[in-house]
Amino acid sequence: TLRGVCYYNLMRDFCEPYNKDRANEQLGVPLVEKFDMEGTPERATLKATADLIIEDLQEAIKLNQTDKKYRFHVEVAKAYLARVYHWTQNWELAASTAKEVLEVYPLLRGEAYKEMIQSEVKQMGNELLRSGIAQASGYVYREMRRSKYRPVSLDLVKLFTEKEKDIRYTFFFDAEFLNTKMVKTTLRGAEMCLIMAESYAQMDDTRNALQYLNHLRANRISDYAPYTEHNLPGIDASALVKVDAHGKTLTPLISAILNERRKELYLEFDRWYELKRNGSPVMWWGYNGVKFETPKFMYVFPIPRTDMALNPGLIQNPGYEEL
């Protein structure tokens, strides 16, 4: 499980977004299954990288480690497998695997949900895994101090169209739009529900896509109006994300699912990867009269210079060749 998770993180950071038509040509990462101090492995293809991750997680699931004192137990392996299927656009398996996890870790609502989200160090509710489980590390307080002084993007705020009816609107940020939500990396049931909704939408199964989108909203918004094919919000032409994972123009359904994901997983270190996965849009901002830009190639991290020096066979990612 650990090797699969580590390679999943390396794939998302150091590889291009997965393209099913080009995965055999896209660069993956070096794959090491046996330790060799003198080894200089070359970069595998992106497909080979994803295949190894899937094989590792499938093998971990067969071992069926159910003792939760080992944090990477079988349900965690299943949830990561759902994430990998989702990242690699294997929508059918993403939906079915996420469903298995959601059945064991169903959605919470009301105060139980709020308590889980705002828990400083205790893993609770439908969290399968989370960061910052010890106050001694200083993680929680350091990150919360930083986030409290960074205002929320108004593009995010306007997605909360139900405002105070949405429990997230009432405690993710304050009246001055400063962050109040607990900052942490987490793996929980809500993400599985969102994976299912998007996967069904990508398979043109509108009924199930709406079912799971509405399932999440029903647990977050009081007196909510269920989405149907006829009342989905319009697509915001000014939004950063304009295409889906296949590079196709957003439909109102996919747009609604991605917006719900942005709201639900805010401050859980998901947004960057969602931008990367859905078109890698160029963005910029100004500071002290200087324009700072994020071009497409910067969604892929550079191979560290130390690694390049140790292994001359490595290929640097495009845009960083001069490093």
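This is a predicted model: local features need pLDDT of at least 70, side-chain atom pairs count only at pLDDT 80 or more; totals for chains, interfaces and linings use all residues.

Student: At what angle do H1 and H2 cross?

Tutor: Helix H1, residues 2–14, and helix H2, residues 46–63, cross at roughly 155°, and their axes come within 8 Å. An angle over 145 degrees counts as roughly antiparallel, so H1 is roughly antiparallel to H2. The crossing of H1 and H2 is left-handed.

Student: Which residues of H1 and H2 meet?

Tutor: From H1 the residues are Arg-3, Gly-4, Tyr-7, Tyr-8 and Met-11. In H2 they meet Leu-46, Thr-49, Ala-50, Leu-52, Ile-53, Asp-56 and Leu-57. By class, this contact has 8 nonpolar, 2 polar and 2 charged residues.

Student: And H2 with H3, are they roughly parallel or roughly antiparallel?

Tutor: The axes of H2 and helix H3, residues 74–87, come within 9 Å and cross at roughly 155°. H2 and H3 are therefore roughly antiparallel to each other. Their crossing is left-handed.

Student: What does H2 bring to the contact with H3?

Tutor: H2 brings Ile-53, Ile-54, Leu-57, Gln-58, Ala-60 and Ile-61. Across from them, H3 has Val-74, Ala-77, Lys-78, Tyr-80, Leu-81, Val-84 and Tyr-85. The contact of H2 with H3 has 11 nonpolar residues, 1 polar and 1 charged. Ile-53 and Leu-57 of H2 also meet H1.

Student: Now H10 and H11. How do they cross?

Tutor: Helix H10, residues 206–218, and H11 cross at roughly 25°, with axes that come within 11 Å. Angles under 35 degrees count as roughly parallel, so H10 and H11 are roughly parallel to each other. H10 passes H11 in a left-handed crossing. On the H10 side the contact is made by Thr-206, Ala-209, Leu-210, Leu-213, Leu-216 and Arg-217. On the H11 side it is made by Leu-253, Ala-256, Ile-257, Glu-260, Lys-263 and Glu-264. These residues divide into 7 nonpolar, 1 polar and 4 charged.

Student: Let us change topic. How does one look for empty space?

Tutor: A probe the size of a water molecule is rolled over the atoms, and this shows where empty space is left.

Student: How many cavities of 30 Å³ or more are found?

Tutor: The search of the whole structure finds 1 cavity of that size. About 60 Å³ of space lies in the largest cavity.

Student: Which residues line the largest cavity?

Tutor: Among them are Tyr-8, Arg-12, Arg-83, Trp-87, Glu-191, Arg-261, Asp-270 and Arg-277. H1, H3, helix H9 (189–202) and H12 each give two or more residues to this lining. The lining of the largest cavity divides into 4 nonpolar, 1 polar and 7 charged residues.

Student: What about the largest pocket, what is its volume?

Tutor: The largest pocket has a volume of about 700 Å³. It is lined by 22 residues, and Arg-150, Asn-179, Tyr-266, Leu-267 and Arg-271 lie nearest its centre.

Student: Which helices supply at least two residues of that lining?

Tutor: Helix H6 (139–148), helix H11 (252–264) and helix H12 (271–277) each do. By class, the lining of the largest pocket has 11 nonpolar, 3 polar and 8 charged residues.

Definitions and conventions:
Residues are numbered from 1 along each chain as its sequence is written. Side-chain values use heavy atoms; hydrogens and water are left out. Axes are lines fitted to C-alpha atoms, for helices over the stretch in contact, and angles run from 0 to 180 degrees between N-to-C directions. Helices (H or I, at least four residues) and strands (E, at least two) are DSSP runs, numbered from the N terminus. Angles under 35 degrees count as roughly parallel, over 145 as roughly antiparallel, 65 to 115 as roughly perpendicular and the rest as oblique. A crossing is left-handed if the near helix is turned anticlockwise from the far one by less than a right angle, and right-handed if clockwise. Contact means heavy atoms within 4.5 Å. Ala, Val, Leu, Ile, Met, Phe, Trp, Tyr, Cys and Pro count as nonpolar, Asp, Glu, Lys and Arg as charged, and the others, Gly among them, as polar. On a 1 Å grid over the protein atoms alone, a cavity is a set of points where a 1.4 Å probe fits but cannot get out, and a pocket is an open set with protein on both sides within 12 Å along at least five of seven lines; lining residues have an atom within 4 Å of a point. Grid points are joined across faces, edges and corners, and a volume is the space filled by probe spheres set on the points.
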